[in-house]
Each structure stands twice: as C-alpha cells, then as structure tokens.
Amino acid sequence: MKLSLRDWLEMAEAADALVRIDGADWDLEIGALSAISVKRKDCPALLFDAIKGYAPGYRVLTCSTSNHRLLSRTFNISACTSDMDLVKIFKEKIPQWEAALKEFPPRIVATGPVLENVLSGMDVDLLKFPAPKWHEHDNGRYIGTGDAVITRDPDTGAVNIGTYRIKVHDKKTAALFITPGKHGRLHYEKYHSRAERCPVAISIGHHPLLFRVAGIRTPEGCEYNYVGAVQGEPVRVIQEEITGLPIPADSEIVIVGWCPPDKKMPEGPFGEWTGYYASREEPTPIVEVERIYHRNRPIILGAPPSRPPHDAAYCRTIMGSALLYNELLKNGIPDIQGVWLSEAGLELLIIISLIQRYPGHARQAALFATQNRLSASLGRYVIVVDEDIDPSNIQEVLWAVCTRSDPEKDIDIVRRLWASSLDPIAPRSTRDYFSSRAIIDACKPFEWKDQFPREIQVSPELYRRVTDKWKDVLKLN
Ligand SMILES: Cc1cc2nc3c(=O)[nH]c(=O)nc-3n(C[C@H](O)[C@H](O)[C@H](O)COP(=O)(O)O)c2cc1C
C-alpha cells in the first residue's frame, strides 16, 4: 500500500465522506469554512480547489479525520459502532503496532511522484502554493498545519517526524515553531550548539496517517516504522539529494532547507488548539528553503485548530484516550473501564471510569492521569466516575459530578506543576509559569458505595417490553 493522499481521497469519496469546494479564498475563507464544518456531526473531509488567485489543481484538504468513519479507515480499522468502541480498538492495536516497529523500516526507493516537479534556485517559491491564512488574527499564512517535519539527530542519526506549525515568511523563508522538549527542537538545538545549520525536510501534503503519527509522541526515530506497522507495509522514501533526509516518495509537496543557528524572525500569534491565540509574537527559528519537490496538482493537508471541536480534536480524543488507557493499565491501575479526553478540552479535561476496588483507587487513577507523558505538560481537570457512567457522555459525567461528589471532600488541587506557553491562562507577565490540576472524584464514596441510593433507570427487560409494545407510537427502530 502506498502512503498516498490520492488513494486516501478515493477512499473518502467512496465512503461518501468528501465534499469538494471550488473558488474559496485562501485568505480566511478556507479556514472559516473548515472551522464551521468541523463542528457539525459526521463532518466530511473538505477538498478546496480553484482557490482564488491559484491555478485549478493547487488544492487544500481539511477535516481529514474529524469523524469516526474517516479516522478508522485512515488507520486501516474496520467498522465499529461507537466512539468508545474505537478507543477500545486503538487501545488493543497500539501495543501491536508498537511491537511490530522493527519489522517495518522505511524502504528506500530511487524515485516517486513527489519528484514530478523540482524547484530550486530562482524557482523556489513557497507562495506558489495556496497556504491559507486560517484565522482572522493569525500573523500570516501557515502552509504547515497537518505537516510532517523531518529532522535527524546529529549524534545518533535517528530520524524524527513531528507535526509543527510552519508559517510562510516569504518565497524562500518559513518559520519553524517547535515547543521545548520536542524531538525536532532537540535536533536543531544540537546543531545550533555546534554553530551548524540543521537540515530540515517538511512534507506538506500526504496520507493523513503520516500526519496523525507525526502528531503523537512515539519513540524517537520510529514514525516511518509506525506508519508501516499500521499499513502492514513499509513506507517508500527517497533519500533527498541536498540534506540526505528520507522524504516520503508519495508526498504531495516537500520543502527542503536549513534552519540556521543565528537567525530568527517574528512568529505568532496563531489560533491554537485551546481555542485561543495564546502564544505571543516571538522571534522564532526559520527554515531557509533550498528546494521544493511537488506532485502535479499538489494538495496541502491542512489541520487548522479552532475553538473546539477542531480538525485535530476527534483524532486526539480517540488516540489520546487509548494511549492514556494503556498507560493506566501498564502502571498497574486495575479495572479501568473507559478513558475519554473530551473534545472540548482534550488533555485539559480527562474523564476516567473504573470499578472501585480499594480505598484510594479513584484518586490513584486521577493523580496518575495528571502526571504521565501525555498530560504532564498541560492539563487542568481529571474526573473519575464509576463503571456505570459512560465517560464520553458529558451529561452522564456531569450527573455523576453533581450527585456523587461532595466538593469539600472530593475535589483536590495539585499545585505548581509543569505548564505550557500555549496555556491561555498563563500570565502574560512571566515565562516561569506553573499550572495546577484539579481532580474530581465523582465516584460513589468508597466506604458506603453499596448503600448509596439506588439510581433510577429503566431496566433492560422493561425497556425491551415497552419499546416493543410502543415502537410505532414513539417511532423507535
Ligand atoms: C495538528 C497539530 C499541530 C501541532 N502543532 C505543533 C506545533 O506547532 N509545535 C509543536 O511543538 N508541537 C505541535 N504539535 C504537537 C506535536 O506534533 C506532538 O507533540 C508530537 O509528538 C511531536 O513529535 P515529537 O514527539 O517527535 O517531537 C501539533 C500536533 C498536532 C496534532
């Protein structure tokens, strides 16, 4: 199987999950249409063509995995019935994919569709592509939102792929925004500490699977293997001529250049996944673009953040929930029944359901969920509920909070924890910002859970009886 966006589009079209939009403007219209559409249930992927000021064929795709059908098909997962089912399938599959990483190193090939056009020297022009200005208060046009930024560790040679936002400064210069601790940043920092420039290759359009894997924390150097393990076949890569970095042979557009140690340009604000323009305009590393490779009729894969739910939210909810589920189990916290990172808050609002087995079990799960590799750097609330509550059903969760927790006893605050500059509540006046977490134990009190008032519900037997009898009146299936 090729890691080709064209094959993916055929799949989306066959699934009746692709809408084509001709004539939109890169200046705010593509962003606004994507932000409006993604909030609707079962939002299709949007393929923008004939973009204002650009030749037909220069396209932008958004909302590629913003619903159940597209996300599962992108990951080669056959049909499942609910969001919580999909979390459970990812929970089972992730360890299988991780165990198979060594079997799927990328396969080096001599050529591929990405080499259909090679722009170098005077021909290098980032503005040749319809990079959108996504939000009204963005500081410029962002060509990279659903991208895959490829770098190499100068010490170990490990190749990393991460999704980091890329702004177009001018024809030959792009901004590279990577927050501290990310692999791509560690790589350029190592080059810069030796006064060397860091080679960078940025794939701007590709099968959404590559973007989704690049956007999660996988062990350094294994993203191509990860994609291969999901596909069951190695990714085809080309050894890029100038940098030697392996670029996807089936990519739509790859930008290649150098991140110099001594130059920065202003970047930000940009509308971020929290729903705010939180990061300020800051001097930020750049990429001096030396070459651009692209297919005929190239497609930018966009993933614009917005006030949630946004393009990336559904996938992050499902995959993040599955990853956290596995982390809880791996760390010996038993009888977890479900985990849900809400689309509204993602890591900022985590809900865990469990069967309480011993005093302190619920708090143990909650505290762990505030401090593991997924949520340690930015979080806010963790709610723990009993096993009869569906964590993905916010009404049920709030009912449990309202009726099973006593604020005096069941809300704890952990203070002075790790924080992120993307946190909208971080004071503008300091860089040394700490954050706190609240845990809400919305389980029945452990000591007397068996005497807790019985909840009202229609029993399965009564449900069957009345719905059989009255289905025509209530128009039940
Ligand atoms: C849509 C999307 C956009 C992202 N944008 C950025 C970004 O601009 N900068 C950044 O540091 N991380 C960003 N991330 C998060 C990183 O992609 C993520 O932390 C990933 O694990 C980084 O790869 P690494 O762990 O190999 O460094 C984004 C993630 C997604 C899904």
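1. Helices (H or I, at least four residues) and strands (E, at least two) are DSSP runs, numbered from the N terminus. The model is predicted: local features need pLDDT of at least 70 and side-chain atom pairs count only at pLDDT 80 or more, while totals for chains, interfaces and linings use all residues. Residue numbers start from 1 along each chain as its sequence is written.

2. Helix H2 (residues 29-37) lies across S1, S2 and S3, and runs at about 165° to S2. Contact requires C-beta atoms, placed from the backbone, within 7 Å; angles run from 0 to 180 degrees between N-to-C directions, with axes fitted to C-alpha atoms, for helices over the stretch in contact.

3. The order S1-S2-S3-S17 describes an open sheet of 4 strands with mixed pairing (strands pair if DSSP finds at least two bridges between them). Strands S1 (18-22) and S17 (299-301) each have a single partner strand, so one side of each lacks a neighbour in the sheet. Direction ignored, neighbouring strands are turned by 20° against each other on average.

4. Helix H1 (residues 5-14) also packs on this sheet, where H1 touches S1, S2 and S17. The direction of H1 makes about 110° with that of S1.

5. S2 (residues 45-49) and S3 (residues 59-62) are antiparallel, paired over 3 bridges. Leucine 47 is opposite leucine 61 in S3.

6. Around the ligand, strand S8 (159-162) and helix H5 (183-193) each supply at least two residues of the shell.

7. An automatic or database assignment gives domain 1 (5-301) and domain 2 (331-451) in the protein chain. Their contact takes 10 residues from domain 1 and 10 residues from domain 2. The C-alpha centres of the two domains are 32 Å apart.

Technical notes. Two residues are in contact if their C-beta atoms, placed from the backbone, lie within 7 Å.
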